[in-house]
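Consider how two chains are built and how they meet.

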Amino acid sequence: MVHISLSDDKNAQWLLLSGFMVSMVVIGLAILLNQAMISSHQSAQAEQDFPKHDILEMRSETFKEAIRLNLNNNTNSTEFDDTMSQYLENLDTLYLMHGEHVNITVVNTTNGTANALLVEFIDGTTTFSETGLV
Amino acid sequence: MKLIHSTDAQMNTLEGLAAALLMIFAILFVSKSAAITMPQSGQFINSQLQLYGHDALIMLDQEDSNSSSQLKKYIAGWDGIEAGAQIPVSPSLEELDNNLSKIMPDNVLYNVDLLYAYDGCVIEKPVIYHGIPPDNSIIVFQLVTLYDEYSNMSSDIEIHKNNTIPDTDHDESLLYNIVQVRCTLWYT
């Protein structure tokens, strides 16, 4: 009868297990680092790509000038409409150079005494529209 | 004195070295595979330049009930002389250049161009030139609306007689033109 004796030495198992643990830790750290770098890059890039200033500038300048025109007692409604139409034509030409399209529509309010403006901005990715009293 | 003949210490040292190298290479491999080396630093610089430019133009474009925007006065008062390597600043816009240089930090350079629409095209005129901007320069802009000189909307703004920005009149429009004041900024 053959008697097989198993060794009690567990050194090899410990080495294998510790190697496995270390590799898992390294992989985990590497994934964390990778994700952190990519996510920070993407968030910063998204913030840069968003045409925040283009929209804000278009919106603020348009409403500012429309309110100024409307408040001027010497400006009649024909002058207001023609000026805003010319304003839109020039503004759209300037924005088209950046690949952006803007549109301004004069909307009469229900009481007929004040005007509202609908301003729209489209650049293929971002769409913005707002109606405001002037 | 008896020295113990054992190579365990050497083996442990070599193991530690190998483990350290493995970890260093793993981190290097991951950082290279993302093809980005500290992306935040470049984005931060861009955002900082954008802020400088926007803030400077917004400050100059402030207006109240008593006075018009200073930026609008500068643009209306432009004498039509274009800037370039020979003439860094259009003579009528030296005050604008002085104000911008006071606002900007010393290590930031800038060019200023005026862009306006005419007959369906965009015309670009350089008015302040401080050099050729590098690839990592930043562009910001501010819109300025000019009205016909003697219309009831012109207020105290006078358009310089040599100003080459054209009047885009039609029908009963009071608009003279919209000018995009474009500022290109970069670090020296």
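In strand 4 of chain B, B:Asn177 is the bridge partner of B:Leu146. This is a predicted model, in which local features need pLDDT of at least 70, side-chain atom pairs count only at pLDDT 80 or more, and totals for chains, interfaces and linings use all residues. Residues are numbered from 1 along each chain as its sequence is written, while chains are lettered from A and ligands numbered from 1 in the order in which they are written.

Strand 3 and strand 4 (residues 175-187) of chain B run antiparallel and are joined by 10 bridges. Strands are DSSP runs of E with at least two residues, helices are runs of H or I with at least four, and both are numbered from the N terminus. Two strands count as paired if DSSP finds at least two bridges between them.

Now take the whole sheet of chain B. It is open, with four strands in the order 2-1-4-3 and antiparallel pairing. Strand 2 (121-128) and strand 3 (138-147) of chain B are the edge strands, each pairing on one side only. From one strand to the next, the twist averages 25°. Angles run from 0 to 180 degrees between N-to-C directions, with axes as lines fitted to C-alpha atoms, for helices over the stretch in contact.

Chain A has an open sheet too. Its three strands take the order 1-2-3, and the pairing is antiparallel. Strand 1 (101-108) and strand 3 (127-133) of chain A are at the edges with a single partner strand each, so one side of each lacks a neighbour in the sheet. Here the twist averages 15° from one strand to the next. Eight bridges link strand 1 to strand 2 (residues 115-122) of chain A in the antiparallel sense. Within strand 2 of chain A, A:Glu120 is the bridge partner of A:Asn103. Helix 2 (residues 52-71) of chain A packs on this sheet and touches strand 1, strand 2 and strand 3 of chain A, at about 160° to the direction of strand 2. Contact means that C-beta atoms, placed from the backbone, lie within 7 Å.

Where do the chains meet? Helix 3 (residues 77-96) of chain A lies across strand 1 (108-118), strand 2 and strand 4 of chain B, at about 30° to strand 4 of chain B. In total, 32 residues of chain B are in contact with 31 residues of chain A. Helix 1 (8-33), helix 2 (39-60), strand 1, strand 3 and strand 4 of chain B each supply at least two residues of the side of chain B that touches chain A.

Terms used: Two residues are in contact if their C-beta atoms, placed from the backbone, lie within 7 Å.
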